[in-house]
Amino acid sequence: MDMRVNIAGVEWKNPVTVASGTFGSGEEFSDFVDLNKLGAVTTKGVANVPWSGNPTPRVAEVYGGMMNAIGLQNPGIELFCERDIPFLKKYDTKIIVNVCGHAPEEYLAVVERLADEPIDMMEINISCPNVNAGFLAFGQDAGHVEKLTAQIKKIAKQPVIMKLTPNVTDITEIAKAAEAGGADAISLINTLTGMKIDINRKTFALANKTGGVSGPIVHPIAVRMVYQAAQAVKIPIIGMGGIQSAEDAIEFLLAGASAVSVGTANFYHPNITEEVVDGIRAYMEKNGFDKVSDMVGIVK
Ligand SMILES: Cc1cc2nc3c(=O)[nH]c(=O)nc-3n(C[C@H](O)[C@H](O)[C@H](O)COP(=O)(O)O)c2cc1C
């Protein structure tokens, strides 16, 4: 039974990582999860300078999931490189650094700073508001996606995963733009924009008014988008959105993802990732798959 997967030339010991922002940079979960058992750890988003994030309240529970408007609070790339990368290097797992920015120069500064760091891949969060495009997310415009991807690829030393937002009309157009820009892989989905009203306070549940919906409620939408993206591009796909069991993860693999990320479920089931790895192995045994790639995208 071979659980290894090759994502853009990087070999993971199994196809399971965590979704950015739901696992800190690994340290806060390391008492609950043996990080050596994960294919990769994907860190929370990091920008060129520290960001304080949005005003509170910035998380709310919704049916089947949660909503957040954290606003990408992060310590900035310098502290991240000093503190978080050395922590993760103690484990036998791949390191994927999630990168955010408000403008291309901000992304490029982080990508450049990471060039000589001992990380394995970077994931570019293009759901960030783009200051040059009236705060529409980079990922909502195919032209911006292709251009930003190409700019990043020019200077990146590690393989680049472009992380797509689902808040678009046609996900295939954006997936193709990332591929055309030279992305080594894509990951999807980020959160879906939602709104919750607090009827007792008679105002928005989140200070930001809107927030990103995640958790089991988004899973069928995410599976549909991963399937569509897999029909449109040849580069590997990391599927995520609402995984809370091995079965949920296997759906993504059969729909065309080469690997999966577990997000919101970490908050209420901190060692869920280990169960997902074990459950995928058990499914492979039961169904006669010798390696993970044998089941990727078999549902057409
Ligand atoms: C609290 C929270 C923080 C997040 N922070 C980030 C982030 O920093 N960068 C990013 O690309 N995605 C971020 N995400 C999105 C997740 O990585 C993931 O794409 C999304 O939540 C869907 O997966 P899930 O339903 O399993 O959570 C965040 C999600 C949550 C719930």
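T149 is buried, with a relative accessible area of 0%; buried means under 20% relative accessible area, exposed means over 50%, and partly exposed lies in between, with a 1.4 Å probe and protein chains only. This is a predicted model, in which local features need pLDDT of at least 70, side-chain atom pairs count only at pLDDT 80 or more, and totals for chains, interfaces and linings use all residues. Residues are numbered from 1 along each chain as its sequence is written, and side-chain values use heavy atoms, with hydrogens and water left out.

T149 sits in helix 3, residues 142-155; helices (H or I, at least four residues) and strands (E, at least two) are DSSP runs, numbered from the N terminus. Neighbours within four places in sequence aside, T149 is in contact, meaning heavy atoms within 4.5 Å, with M162, A178, G181, G182 and A183.

I turn now to the ligand. Which residues come nearest to the ligand? Of the 21 residues around it, they are S20, K163, G215, G242 and T264; a residue counts as near if one of its heavy atoms lies within 4 Å. An oxygen atom of the ligand is 2.6 Å from an N or O atom in the side chain of T264.

N125, in strand 8 (residues 121-125), is buried at 7% relative accessible area. G242 lies in the loop between strand 15 (237-240) and helix 6 (246-255), and counts as buried at 12%.

Definitions and conventions: Polar contact = N/O pair within 3.5 Å; in protein donor to acceptor, adjacent residues only side chain to side chain.
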